[in-house]
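Welcome to this tour! Please open the structure in your viewer and keep the selection tool at hand.

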Amino acid sequence: MDFKSLMAAQIAKSKPKPAPSKSPDQSSESQSPAQKYLRRAELEAAREAAYAAEQARLEAEREERASKKRKLEEEEAARAAAREEKKRRLAEESRRRREAEEREEERKRRKRLGLPDLDSEGKTPPPPTSTSTSSTTPTPAGDQVDIADDELRSKLRSLNEPAALYDEPHTSRLKRYYALTSAKSSLAAKPKLSSGPIPTTLEPVAEKDMLIPSTLPPASDAAAHGYLYRQLASYFTLLLTEWASALASRDTAVKASSSGKAAQASYQQVLKDLAPLFRRFERADLDHGLLEPICQIVRSAQARRYVEANDKYLTLSIGKAAWPIGVTMVGIHERSAREKLHETSDGKQAHIMADEATRKFLQSIKRCLTFAQTRWPPEDLGQLMG
């Protein structure tokens with residue numbers, strides 16, 4: 001190939017290719033400069049118009065939702081008003097029915113007591129004047145003597161009671177006066193309870209007179225036994241009072257701790273379990289088999305011989321019973337002499353722990369001994385219980 005051909009090929013390659021043919025419509029569009037180029041103001045106006053249309057659509061949706069919500073609220077308010085009106089109507093009917101029943105009951109009561117009947121409106125007729133009442137009121141039945149109304153009002157005021165209640169006739173006022181006087185007389189006749197941790201009707205004795213004698217009085221001497229019960233009750237009252245003071249004097253942190261709460265619960269349990277023992281002291285019916293060991297325990301505790309008191313407690317509680325260890329029954333047949341495990345040779349009860357109430361107050365006495373040795377420690381440390 002010569003140089004001319006090479007140059008022609010290179011020139012042909014460097015020439016631009018012709019554009020593809022277009023339709024008349026496309027050629028007209030490409031020729032209009034307004035369709036090919038847009039101004040920024042026109043784009044901004046189109047964007048603002050689209051934004052305004054979107055906001056209008058959103059506002060219409062919000063208005064629609066708000067109208068639906070208002071409609072639902074109005075419907076709910078209407079239903080609530082209907083419910084309240086129904087409740088009010090039912091309450092009014094119930095009140096009228098109750099008032100009618102109360103009027104009927106009042107009429108029956110007045111008819112039973114011989115009082116004047118209610119008027120047509122269900123109201124009580126006005127009471128008569130004091131002069132006419134005192135002259136026309138019949139004398140109450142029984143030993144209740146009629147009293148003039150003025151004097152009756154004065155006596156009620158002296159008892160710190162209202163002279164007249166609302167709508168109270170003279171007869172009811174007189175009955176109220178006699179009920180108050182009889183109640184006061186019964187309270188005056190009732191024995192006074194002590195103010196100790198366990199209230200009791202036994203008169204407390206002085207602390208110097210609480211020492212239990214070494215020999216018990218004979219069973220026939222009721223007065224001496226009564227004084228002995230007073231000594232026992234006074235000693236336990238003194239011990240429980242000191243226990244309560246010791247618990248109250250603790251720090252707040254100690255009271256709030258688990259051990260502090262357990263100590264308070266133990267004290268409350270002792271109060272509960274010792275109450276039956278105090279009731280037996282009041283009735284003076286404590287069994288002699290319990291009275292003498294309890295007196296020995298208290299006497300040893302008062303002498304601060306706590307080991308000796310603990311030994312007497314163990315003798316009283318456990319006794320000389322056969323406490324079995326291991327298997328006491330095999331199969332369906334009882335072993336021979338099994339009943340002797342709960343009886344002594346003389347046929348009596350082997351140990352006192354078989355009675356639940358007795359077991360509880362004996363265990364409470366043991367807890368009292370444990371506190372007593374910390375409140376009144378012995379001079380000899382060997383007398384401290386373990």
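A word to know before we start: a residue is called buried under 20% relative accessible area, exposed over 50%, and partly exposed in between. Glu151 shows how this works: its relative accessibility is 42%, so Glu151 counts as partly exposed. Keep in mind, too, that this is a predicted model.

**Stop 1: the whole chain**

Select the protein chain. There are 13 helices and two strands in the chain. Of its 386 residues, 22% count as buried. The chain exposes about 27,400 Å², and carbon and sulfur atoms supply 55% of that area.

Now colour the chain by pLDDT. The mean is 80, and 75% of the residues reach 70 or more. Where pLDDT is low, the predicted coordinates should not be read in detail.

**Stop 2: helix H1**

Select Phe3, Met7 and Ile11. What do these residues form on the surface? They make a nonpolar patch, with about 320 Å² of accessible area together. Phe3 lies in helix H1, which covers residues 3-14. Its relative accessible area is 62%, so Phe3 is exposed.

**Stop 3: salt bridges**

Side chains of opposite charge can pair when their charged atoms come close. The count for this model comes to 24 salt bridges.

Begin with Arg39 and Glu42, whose closest N and O atoms are 3.5 Å apart in a salt bridge. Arg39 is exposed at 59% relative accessible area, whereas Glu42 is partly exposed at 39%.

Next, select Glu85 and Arg88. Their salt bridge has its closest N and O atoms 2.5 Å apart. Why is there about one helical turn between Glu85 and Arg88? Because they are three residues apart in helix H4 (residues 40-113). Glu85 is partly exposed, at 37% relative accessibility, and Arg88 is partly exposed at 48%.

Now go back to Glu151 and select Lys155 with it. Their side chains meet in a salt bridge, at 3.5 Å from N to O. Both residues lie in helix H6, four residues apart, which is about one turn of the helix. Lys155 is partly exposed, with a relative accessible area of 27%.

To finish this stop, select Asp149, Arg153, Glu168, Arg173 and Arg176 together: a network of salt bridges links them.

**Stop 4: the loop between H6 and H7**

Select Asn160, which sits in the loop between helix H6 (149-158) and helix H7 (170-189). Asn160 is not a glycine, yet it has a positive phi of about 60°. At 72% relative accessibility, Asn160 is exposed.

Asp167 is in the loop between H6 and H7 as well. Asp167 has a positive phi of about 60° although it is not a glycine. With a relative accessible area of 32%, Asp167 is partly exposed.

**Stop 5: His225**

Last, select His225 in helix H8 (residues 222-248). Is His225 buried or exposed? Its relative accessibility is 12%, so His225 counts as buried. Leaving aside residues up to four places away in sequence, His225 touches Pro217, Pro218, Ala219 and Leu291. Look closely at Pro218: the side chain of His225 reaches its backbone oxygen at 3.2 Å.

Key. Residues numbered from 1 in each chain as written. Heavy atoms only, no water. Patch = residues over 30% accessible without salt bridge, like charges linked within 9 Å, V, L, I, M, F, W, Y side chains within 5 Å. Areas by Shrake-Rupley, 256 points an atom, 1.4 Å probe, with all protein chains shown as cover. Salt bridge = Lys/Arg side-chain N within 4 Å of Asp/Glu carboxyl O. Buried < 20%, exposed > 50% of the residue type's maximum accessible area, 1.4 Å probe, protein only. Polar contact = N/O pair within 3.5 Å; in protein donor to acceptor, adjacent residues only side chain to side chain. Contact = heavy atoms within 4.5 Å. pLDDT = per-residue confidence, 0-100.
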